[in-house]
Amino acid sequence: MPVGDKGVAMLDAGDIAKIAAIDAIAVQRDGCSPSCTRTSCTVRDGQVSTRLKMSQINTLEQIERFLSTKDPEVLSVSGRWGVGKTHLWNETLEANRASVPLRNYAYVSLFGIRNLDALTTAIVQSTVSLNGSKLDPTFDSYLEHLSSFPGVIELTKRAARKSTTVASKAASTLPYVGKLADLFAPGAALLISKQIVCIDDIERAGQGLDMADVLGLVSSLCERKGCKVVLLLNEDALGEQGTKYRSYIEKVVDQAVKFEPTPEESAVAAIAAGDVQGQQLAKQTVALGIKNIRVIRRIRRFLQHLESELTDLHDGVTERVIRSIALLGWCVFEPTLAPDLTLVRGYSEFRSILSKDNCSADDMKVDQLLKAYDFGNFDQIDQVLSDGLQAGAFDRQALQKLLKDESEELARAEAREVIAKPWTIFWAGLGNDQDKFIDALSAAFEQCSNVMQPAEASDALQLLRELGRTEEAERFLSMYVEAQKEKPREFFTPYIGDQRRLDPRIATAFDTMLAGMPLDRNPTEILCKIARSRSWGPDELAYLATIPPEGFDKMLKELQGPDLRAAINMALDFGRLDTSGTNEIEVARRMAAALQRVAAESDLNRIRLRPYLTNLPPAAMVEEQSSVEPGN
């Protein structure tokens, strides 16, 4: 792999494949173990695996080669923000520090640095010895480095005594220390010699620091000062300085490497292998093509904030939240590459189909990505997640309710599938699959009796008896009745005394359970309220429809005057409504039956109630009506 003199050697796919093959052979040859120090290897559970993949191995090999000699050289590593350039450089340097020929090292970020004097001073301040225990500079390491230059130590000590407040700070982030900085700034470059220099964040240099000046200094350090310089940058973000960088690169840079990890590689770097929920997130970030390690880690931190909200919910809720937070986090934290959040919020599965002519190119692009991602429609949960990611904190109360509702809905849907399965088998064909049908029916009763409709249970019990499986029928009946004991009164309303639609044993059990339930609400107050407002809720009607006969009798005897007349008329009117349903008709019937019973108690009551009894709605007619008139 030849490198031209001051040329740029870009590796093609063939070169990368060769490097990967060489690396694999080296792993086998070296007999890697838990004590292996190769940067490209990692040990998990006592097993060595290759952690770095193609694009990372490409860059890794070049960094290792760069560090292995003391020959002056300039290496540039370019890649998008957050893909792990700095991390890989630091990791590789740390792994190889014992064998690096040049023993002094400085790391400097250009972020906010405005001139060359500031840059050269920062390099001097940041220089540490690789023989030390840490690569991070301190004030002591700064003094130690300066003391290696004759005539500087006394000046350094005098200035340092006036600047003790900066002790133990990272030198690369130190303010320039009083007069010491003023003395060294013009000639700081003289103190940089035969060392490794890493200049990061090239594209973030402060105003006033020209790219040509930076590369000029780099060239001087390499050619005249015997230094090895590595440049870490996002070339796509250089803006106007990009033209100058590209025009000087062939003259200054010896080796230029593009660091472009795949989404899979970025996910591996961002999320620990043992992080179960994180691995679920990794699948989604890979599906979206997210390569920014910092973005992935930031999304993971926000997901971690929701772990308590996801506890004890349906597994599908966790999967759904992870799918949404991966997409929405990408939109919020990397808006230049992710889909526009406004378009995501307006996304509908059918938008591109129903209004294709009105969709812009951006709309279509987002629709295609979200459809491939299987995102579904943007809903209330997505809105709360999106707002939380932007605000830095979630509305936990709103989210908990939405997630609980979603969990219950998923549980119901799952139960419906289990309940429907035996009937799918029943209608599927004419095979010899009776045992399969019985097994599916057994699973439905054992797992889903609490959500199975009474009519479904009745049909299943009837069919079992026809098949001669009475033992299973009895077992399932007991199981089903037991599962209904915690149901509210309103649940039993449509099935009161109904032995035509229901299995007789189920209907009888329902009547018994209903009779044993205490009245926790006052039916008289409910009916009077409805009569006054002429409005009602379905829960109120369902409750009235479960009131036993003696309850209606008591209601008629408690009420007086206008309230009595209003309550009777309202109850009977439920039987005259065009929209009358089961509960409305049941309330009308129970009121009619109560009127008949009370009228039969005395001739005076018979006369009092005659206007109502002679005008009962057909839907409320009951058998007792024939015995209303005493003596007839």
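This is a predicted model: local features need pLDDT of at least 70, side-chain atom pairs count only at pLDDT 80 or more; totals for chains, interfaces and linings use all residues.
Packing between helices is considered at the outset, and two packed helices are described by the angle between their axes and the distance between the axes. Helix 12, which spans residues 293–304, and helix 14, which spans residues 315–333, have axes that come within 10 Å and cross at roughly 130°. Because angles over 145 degrees would count as roughly antiparallel and those from 65 to 115 degrees as roughly perpendicular, helix 12 and helix 14 are classed as oblique to each other. The crossing in which helix 12 passes helix 14 is right-handed. On the side of helix 12, the contact is formed by V295, R298, I299, F302 and L303, while helix 14 contributes V321, I322, I325, A326, G329, W330 and F333. Sorted by class, the residues of this contact between helix 12 and helix 14 comprise ten nonpolar, one polar and one charged.

Helix 14 also packs against helix 18 (residues 380–391), at an angle of about 40° and with the two axes 9 Å apart. Helix 14 is therefore oblique to helix 18, and the crossing of helix 14 and helix 18 is right-handed. The residues of helix 14 that take part are R320, V321, S324, I325, L328, G329, V332 and F333, and they meet I381, D382, L385, S386, L389 and Q390 in helix 18. In this contact of helix 14 with helix 18, eight residues are nonpolar, four are polar and two are charged.

The strands are taken up next. Strand 4, made of residues 104–109, pairs with strand 5, made of residues 128–129, in the antiparallel sense over two bridges, and within this pairing N104 stands opposite S129 of strand 5. Strand 4 is also joined to strand 6 (residues 196–200), but here the strands run parallel and five bridges link them. In the pairing with strand 6, Y105 has I196 as its bridge partner.

Y248 lies in helix 9, which covers residues 241–252, and its relative accessible area is 32%. Since buried means under 20% and exposed means over 50%, Y248 is described as partly exposed. When its neighbours within four places in sequence are left aside, Y248 is in contact with A212 and L215. Of these two partners, A212 is 36 residues away from Y248 along the chain, yet the C-alpha atoms of Y248 and A212 are separated by 7.6 Å.

Conventions: Residues are numbered from 1 along each chain as its sequence is written. Side-chain values use heavy atoms; hydrogens and water are left out. Axes are lines fitted to C-alpha atoms, for helices over the stretch in contact, and angles run from 0 to 180 degrees between N-to-C directions. Helices (H or I, at least four residues) and strands (E, at least two) are DSSP runs, numbered from the N terminus. Angles under 35 degrees count as roughly parallel, over 145 as roughly antiparallel, 65 to 115 as roughly perpendicular and the rest as oblique. A crossing is left-handed if the near helix is turned anticlockwise from the far one by less than a right angle, and right-handed if clockwise. Contact means heavy atoms within 4.5 Å. Ala, Val, Leu, Ile, Met, Phe, Trp, Tyr, Cys and Pro count as nonpolar, Asp, Glu, Lys and Arg as charged, and the others, Gly among them, as polar. Buried means under 20% relative accessible area, exposed over 50%, partly exposed in between (1.4 Å probe, protein chains only). Two strands pair if DSSP finds at least two bridges between them.
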